[in-house]
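Visitor: I would like a close look at one residue and its surroundings. Please start there, then show me how the rest is put together.

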Amino acid sequence: MTVQPIVQGRGIVKRYGHVTAINHSDFDLFPGEVLAVIGDNGAGKSSIVKAICGAVQADEGEIRIEGKPVHFSSPLQAREMGIEIVYQQLALSPALSIADNMFAGRELRKPGIMGSVFRQLDKKAMEKFARDKLTELGLMTVQSINQAVETLSGGQRQGVAVARAAAFARKFIIMDEPTAALGVKESRRVLELIQDVRAKGIPIILISHNMPHVFEVADRVHIHRLGKRHAVVDPAKISMSEAVAIMTGAMEPPPVEEQQLVPKAAA
Amino acid sequence: MSESASKGQDYESSLSGANQQVAEFEKREGFVYKLQHALHTNPALVPLIVLVLSIIVFGLLLGSKFFSPFALTLILQQVQIVGIVAAAQSLVILTAGIDLSVGAIMVMSSVVMGQFTFRYGIPPGIAVVCGLAVGTGIGAINGLLVTRMKLPPFIVTLGMWQIVLAANFLYSANETIRSQEIAEKAPILQFFGNVIQIGSARLTFGAIFMLILFAVLTYALTQTAWGRHVYAVGDDKEAAELSGMEANKVLVSVYALSGLICAFAGWALIGRIGSVSPTSGQLANIESITAVVIGGISLFGGRGSVLGSLFGALIVGVFTLGLRLLGADAQWTYLLIGVLIIAAVSVDQWIRKVSG
């Protein structure tokens, strides 16, 4: 029995003028897994993820989400489908509170006439929800949910961003270099969060440069090279230096039958 | 999995001996810190304190000549136009923009209201609606140029200021519509000049409109999603977009609303001066920016409260009337306002230094 992938991309192409950022690449994300996407600078790993979430539109190829073909024209559409993105640059508004940030663009309004006519926000409900979600991920060391995000440390901000994604994601979460700007201890906290989110059953696409982080949390590693999916490997069967060698072209990828194109559980 | 996990953690094994806390909060005490925090959460506090202090000081110096219902409501009358325009300016400045065309939009709208009534014989009520629509339209064009053409707001509104002002002179042929004529044929144009007299206190409809406008905007900015988005876009437009707000829609709505409010200011201007004059209101730009800055709204966007601008406009009004009653040279007013502007921005910079 084969498991239906959450995301299935086939023959995706994206050109910018004469530059081909994605060159007939495939992509698969399966339920419940953390899929790391690694690649050298300029390999196009960000481009392919952007094509999946609608930040850029692919010129050719097909993207299916849970088997249905999709054509997102903006990340907002992807978001409506329950796809959340955690950006490297965090995408939080510094002056707004934690609760306001969690509900950015999907605020709750009060029931009744205050909400429908006077458009009043239901601050109580939003604060409660935000507090619950942060507590769920063990992040309530934060003193007040009404605290401005700019008063938080980098790790706490990343925590808020991950909590927001985890709270609203119904399909999967894309994380773009979530630990790149963080210190060692804060990175550790974010890696724990990634595992907590996976434990909730939400699959994650993790783009990262950091091999130790990738090898620690990923179930499968998608190695991107020259705009293509070069190989998908099992991090338990390959060393970090081999992965880097494959990524940079210094080593041939293992033969297809030894790769991990589908998760072990699904095969 | 477990094998790979240990592989990943190898280099961090020394961490186990380290302090396990992740970024705890530093508890900061002390009056200065608390003050900074209070100002950070209530940015309109500084101008409110300055306003109350200046009323007290002038009250002590001038006694009942200043501290009377008549004089205090006179200040409201004198600041109503600048106050309304400052409300529009506040919205734009909150989005990290600036609107140099506010004065021009105001005058243009009042001229449209007057000329439509008297040149084309359109019923004055409809002419007023046309004037409001023209103001909103010009504001919306500003917003579209800022978002679609990606031009800096300063440049867009600098250009629009000249265009609208010139159009205003060309269209009106530099012609003033006299007050008596308006009072006879189209009193609705002078609607905001109506007065509620309570004892010696004189509240014009224009002053009341200004107060209601600030109340409505405060509600919209603090209690609705749109308000949150205005702050977020002003704070960091890219972050607002990435977190799912439609930043460009918010910006266009802000510029269009600014235009509408300026058009209301144009209507109130007719009530204030009685006539429709294409040469009036030339200082509204700079006076509105002054009120906003003294009111503690950051020119870098995203910080401040629209109420601050009301207090800023009132502070200028208090200084103007107080110094005039003291018999001081009018230049003292400008000098002191200049000092206030620089002081206000210094306070803003200090408040921004939030320690995380």
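Guide: This is a predicted model. Start at B:Val85.

B:Val85 belongs to the largest nonpolar core, which has 183 residues. Together with A:Ile173, A:Ile205 and A:Leu206, B:Val85 touches the most other members. Helix 12 of chain B, residues 247–273, supplies the largest share of this core, with 18 residues.

Next, a helix pair in chain B. Helix 13 (residues 284–294) packs against helix 14 (residues 306–325) at about 115°, and their axes are 7 Å apart. Helix 13 of chain B is therefore roughly perpendicular to helix 14 of chain B. The crossing is right-handed. Helix 13 of chain B brings B:Thr290, B:Ala291, B:Val292 and B:Ile294 to the contact. Helix 14 of chain B answers with B:Ser309, B:Gly312, B:Ala313, B:Ile315 and B:Val316.

Now chain A. Six of its strands make an open sheet with mixed pairing, ordered 6-7-8-3-9-10. Strand 6 (83–86) and strand 10 (228–233) of chain A each have a single partner strand, so one side of each lacks a neighbour in the sheet. From one strand to the next, the twist averages 20°. Strand 6 of chain A runs parallel to strand 7 (residues 172–176) of chain A, and four bridges pair them. In that pairing, A:Val86 has A:Met175 of strand 7 as its bridge partner. Helix 9 of chain A, residues 240–248, packs on this sheet. Helix 9 touches strand 3 (34–39), strand 9 (220–225) and strand 10 of chain A. The direction of helix 9 makes about 30° with that of strand 9 of chain A.

Chain A also has an open sheet of four strands, in the order 2-1-4-5. Here the pairing is antiparallel. Strand 2 (19–29) and strand 5 (68–69) of chain A are the edge strands, pairing on one side only. Strand 1 (residues 7–16) and strand 4 (residues 60–65) of chain A run antiparallel and are joined by five bridges. A:Val13 sits opposite A:Glu60 of strand 4. Helix 1 of chain A, residues 45–53, lies across strand 1, strand 2 and strand 4 of chain A. Helix 1 runs at about 65° to strand 2 of chain A.

Conventions: Residues are numbered from 1 along each chain as its sequence is written. Chains are lettered from A and ligands numbered from 1 in the order in which they are written. This is a predicted model: local features need pLDDT of at least 70, side-chain atom pairs count only at pLDDT 80 or more; totals for chains, interfaces and linings use all residues. Two strands pair if DSSP finds at least two bridges between them. Helices (H or I, at least four residues) and strands (E, at least two) are DSSP runs, numbered from the N terminus. Axes are lines fitted to C-alpha atoms, for helices over the stretch in contact, and angles run from 0 to 180 degrees between N-to-C directions. Two residues are in contact if their C-beta atoms, placed from the backbone, lie within 7 Å. A nonpolar core is a set of buried Ala, Val, Leu, Ile, Met, Phe, Trp, Tyr and Cys residues joined through C-beta atoms within 7 Å. A residue is buried if 20 or more other C-beta atoms lie within 10 Å of its own, exposed if 12 or fewer, and partly exposed in between; C-beta atoms are placed from the backbone. Angles under 35 degrees count as roughly parallel, over 145 as roughly antiparallel, 65 to 115 as roughly perpendicular and the rest as oblique. A crossing is left-handed if the near helix is turned anticlockwise from the far one by less than a right angle, and right-handed if clockwise.
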